[in-house]
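Good morning, colleagues. Please bring up the model, and I shall speak about its charged side chains and then about its pocket.

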Amino acid sequence: MNNNDFMMSLLPYMAILGVVIVGSIVTLVLVKSSGGGKSNDKYQGKTKTTILKEANKKLASNPKDPNALMAIADIYFSDNNFAKAMKTYRMLVDLCAVNPDLDEYKINLRYGISAMEEKIYKEAYKSLMLARNTKPEDFQTNAYLGKIEFMMKKYDKSISYLLYALKIKPDHDESVKYLGMSYYKMKKYKEAVPRLNRAVSGHPDDKEALFALAISCNETGRVEHALKIFTHLRPDPVWGPKSALYSGTIHTKMRKLDKAVIDYEIGLRHENIPTEILLELKYRLAGVHSSEGRLDKSLEVLKDITRIDPGYKDVQTQVRKFRELSSNKNLQVYLNAPATDFVSLCRSITNIVIKKTKVNIIDVAFTNAEYVDIVAEVKAQKWEDLILYRYVRTDGLVGQIMVRDLYEKLKEHHAGRGFCFSAGGFTESAEQWVEARLIDLISKDKLIQYLNKIDTI
């Protein structure tokens, strides 16, 4: 047999050998890729169904078989079936005392995580602490303890664990978020802002973190950034009502009242608004309508509030006030009209305070939209005097400080007499203070008498 014939006779055997070699390589690759081998996969690539079947068979003869329990617990845990995982790991926790071969750290850690997912926080905390006692510098135990402390509203402890965890894994998104949220809950807004910024940059759909960031920005002077976030969140069914309330409040402070109205109305369009948010949205909306002179709209909103909660804040008082204002246009002008109309009304009152006199107004000073001082020469048939009239723009109580200041102005102008008007009243101390001085206090009832004598401004 020549060499060619010999090689041809070996071809079938070489082909078989090649198949065997390739098959061996493929098997080795599959085992390694699935974590197989003694060091990686104790289940040797079996399916979950097979593992569960074999484990349950072992448990039928020995309900405390640790390997079978561990196999079942791990499958439940990987499937996020935390209720069943917790129950099975609980059995393994009890076995750890008598079986040193069990991985006590892993069992306590996973039992704690499962309990946390089931919101059984005390059990979770105890088990996670046991895991940390075994591995105090482990990332997972510190991260999960930080999260559970947050869930239990122990924010200072949460911060401590999360800072430790983030030293090990600085880019762990969930730990960054809960660290920021913990600072936010403790009202440490300056520390919260950079963490929450990182959290939302990676997860822009995390509405909870976005809302907390907006509050933190607002509290640290980043008002425009806060306003952008609140405006963005207004349509959200969960965070929308609160966000609309905050954006409306910011716009109100900026005196952008038209935008504030839009904010409050968007917030009120939501369904199932928490009662306290609903009432405050309506209360703030009524306030904006009132400040813009839309008393009818304000009164309508206030009546809505009384139907929900008759005792809410000062709503009953405001309802009475606006009903009265609606029937007295000059009183509306006195309290709510633009400054020019208010001053014009005060000049008209000045002319009729003292009957049968000739009044010559020589000076008008409007101070911080709080009050107007009018100095006038007043002449009667048998006397004449310089009189200072102060009109305080409030329906509340005017105190002693205001009348003391009026007295000082009397001396500056060398006026012989003073009048102080209020659409509300005066404190007892203010009334006592003027008793020995030439100052007359004109409260609401008397003021309305004067207002009723004047043609509507």
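Let me begin with accessibility: a residue is buried under 20% relative accessible area, exposed over 50%, and partly exposed in between, with a 1.4 Å probe and protein chains only. The model is predicted, so local features need pLDDT of at least 70 and side-chain atom pairs count only at pLDDT 80 or more, while totals for chains, interfaces and linings use all residues. Residues are numbered from 1 along each chain as its sequence is written, and side-chain values use heavy atoms, with hydrogens and water left out.

I turn to salt bridges. The term stands for a side-chain nitrogen of Lys or Arg within 4 Å of a carboxyl oxygen of Asp or Glu. The count by this rule is 22 salt bridges. One of them joins Lys106 to Asp74, at 3.0 Å from N to O. Lys106 belongs to helix α5 (residues 104–117) and Asp74 to helix α3 (residues 66–78), so this pair ties together parts that are 32 residues apart in sequence. Helices here are DSSP runs of H or I with at least four residues, numbered from the N terminus. Which of the two classes, buried or partly exposed, applies to Lys106? Lys106 is partly exposed, its relative accessible area being 22%, whereas Asp74 is buried at 11%.

Two further pairs lie within single helices. In helix α16 (residues 295–308), Asp304 and Arg307 are 3 residues apart, about one turn, and their closest N and O atoms are 2.2 Å apart in a salt bridge. Asp304 is partly exposed at 22% relative accessibility, and Arg307 is exposed at 61%. In helix α20 (residues 400–413), Glu408 and Lys411 are also separated by 3 residues, about one helical turn, and form a salt bridge with closest N and O atoms 3.4 Å apart. Both are partly exposed, Glu408 with 41% and Lys411 with 44%.

Lys177, in helix α9 (residues 173–185), is buried with a relative accessible area of 13%. Its side chain makes a polar contact with that of Asp206 at 3.0 Å. A polar contact is a pair of N or O atoms within 3.5 Å; within protein, one must be able to donate a hydrogen and the other to accept it, and residues adjacent in sequence count only if both atoms are side-chain atoms.

Asp263, in helix α14 (residues 257–268), is buried at 0% relative accessibility. The side chain of Asp263 makes a polar contact with the side chain of Arg234 at 2.5 Å.

Finally, the largest pocket. On a 1 Å grid over the protein atoms alone, a pocket is an open set of points where a 1.4 Å probe fits, with protein on both sides within 12 Å along at least five of seven lines; lining residues have an atom within 4 Å of a point. Among the residues lining the largest pocket are Asp314, Arg320, Lys321, Glu324, Asp395 and Lys444. Helix α17 gives the most to this lining, with 6 residues.

Notes
Helices (H or I, at least four residues) and strands (E, at least two) are DSSP runs, numbered from the N terminus.
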